Amino acid sequence: MRVLLLGPPGAGKGTQADRLTAAFGACQVSTGDILRKAVEDKTPLGQKAAAIMAKGELVPDALMIDLVAERLRREDCRRGFVLDGFPRTLEQAQALEGILKAMGSELDCVVSIRVPEAAIVERLEGRRSCRGCGVLYHRVFHPPARDGVCDRCQGTLYQREDDRVETIRARLRVYEERTAPLIQYYRDRGLLKEIDGVGDVDEIQSRIRRAWGEARA
Ligand code: AMP
């Protein structure tokens, strides 16, 4: 499986990538998760990225491209990968093409997950993540059994700094300007599959698997 999930923040890319990789033994390359870990560990990358992420802006292309190139070349990606959160700019998309070509690989398809803006704000505002294992919850749609505590590892749940309303708006603007043009980019390459991202998590997972199956047929 070599799939790219494309969509605005809050489209459910992380949740869906999680499930796909678990089911198909592929590796999940989620640049947001990698960056958040780097910020937490105060690595040089994390120190550069922290302020940019808090404002909802994009980390420079050169940093992101190096990071993804290194990640995709690791052994565990040989069995396949699901990219979530990368590419986010045309430059990143072009670089990805080069990285994959150099590895003798290419994408099976790009699944674009469509969600209306009002639903996105509601989803992101209520989103909570576990500090321990990273599992995602939602205050209303997918609450944990015990308030603020992860069902899986008993870790503490927190709200991402960039999931506050003002930053959500900034991220959506950045998405429209920098990332949405990638939909046409991949359509032109015959790789695009569009799905409706509204509904039950399992149903959306089925739509993605169906789209992937069609792309390989
Ligand atoms: P995400 O978890 O995918 O919403 O990413 C959180 C934040 O990390 C974004 O708002 C950006 O600041 C940064 N980020 C993640 N992926 C990228 C990327 N491919 N290019 C630039 N910045 C990124």
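**Ground rules**

I am working with a predicted model, where local features need pLDDT of at least 70, side-chain atom pairs count only at pLDDT 80 or more, and totals for chains, interfaces and linings use all residues. Numbering runs from 1 along each chain as its sequence is written, and side-chain values use heavy atoms, with hydrogens and water left out.

**Entry: ligand site**

I started with the ligand and looked up its shell. There are 16 residues around the ligand, and T31, R36, E57, G85 and Q92 come nearest. A residue is near a molecule if one of its heavy atoms lies within 4 Å of it.

Which helix gives the largest share of the shell? It is α2 (residues 31-40), with 4 residues. Helices here are DSSP runs of H or I with at least four residues, strands are runs of E with at least two, and both are numbered from the N terminus.

I sorted the shell by type and got 6 nonpolar, 4 polar and 6 charged residues. For the record, Ala, Val, Leu, Ile, Met, Phe, Trp, Tyr, Cys and Pro count as nonpolar, Asp, Glu, Lys and Arg as charged, and the others, Gly among them, as polar.

The side chain of T31 has an N or O atom 2.8 Å from a nitrogen atom of the ligand. For the side chain of R36, the distance from an N or O atom to a ligand oxygen is 2.9 Å. E57 uses its backbone: an N or O atom there lies 2.5 Å from an oxygen atom of the ligand. On its own the ligand has 480 Å² of accessible area, and the protein covers 96% of that (Shrake-Rupley method, 1.4 Å probe).

I checked omega and found a cis peptide bond between F86 and P87, at about 0°. P87 is in the loop between β3 (81-84) and α5 (90-102).

K42 has a phi of about 55° and sits in the loop between α2 and α3 (44-55). Q154 has a phi near 65°, and its place is the loop between β6 (136-138) and β7 (157-158).

Are these two buried or exposed? K42 is exposed at 61% relative accessible area, and Q154 is exposed at 52%. My cut-offs: buried is under 20%, exposed is over 50%, and partly exposed is in between (1.4 Å probe, protein chains only).

**Entry: aromatic rings**

How many aromatic pairs does the structure hold? I get 2. The pairing rule takes rings of Phe, Tyr and Trp (its six-membered ring) with centres within 6.5 Å; planes under 30 degrees apart are stacked, over 60 edge-to-face, and the rest tilted.

F24 and W212 are edge-to-face, at 5.1 Å centre to centre with 75° between the planes. This pair links distant parts of the chain, as F24 is in α1 (residues 13-24) and W212 in α9 (residues 201-216), 188 residues apart. F24 is partly exposed at 34%, whereas W212 is buried at 9%.

Y185 and Y186 have ring centres 5.0 Å apart and planes at 90°, so I logged this pair as edge-to-face. Y185 is buried at 8%, and Y186 is buried at 2%.

Last, I looked for charges over rings (NZ of Lys or CZ of Arg within 6 Å of the ring centre and within 35 degrees of the ring normal). R189 lies over the face of Y185, 3.7 Å from the ring centre. The charged end of R216 sits over the ring of W212, 4.2 Å from its centre.

Terms used: A polar contact is a pair of N or O atoms within 3.5 Å; within protein, one must be able to donate a hydrogen and the other to accept it, and residues adjacent in sequence count only if both atoms are side-chain atoms.
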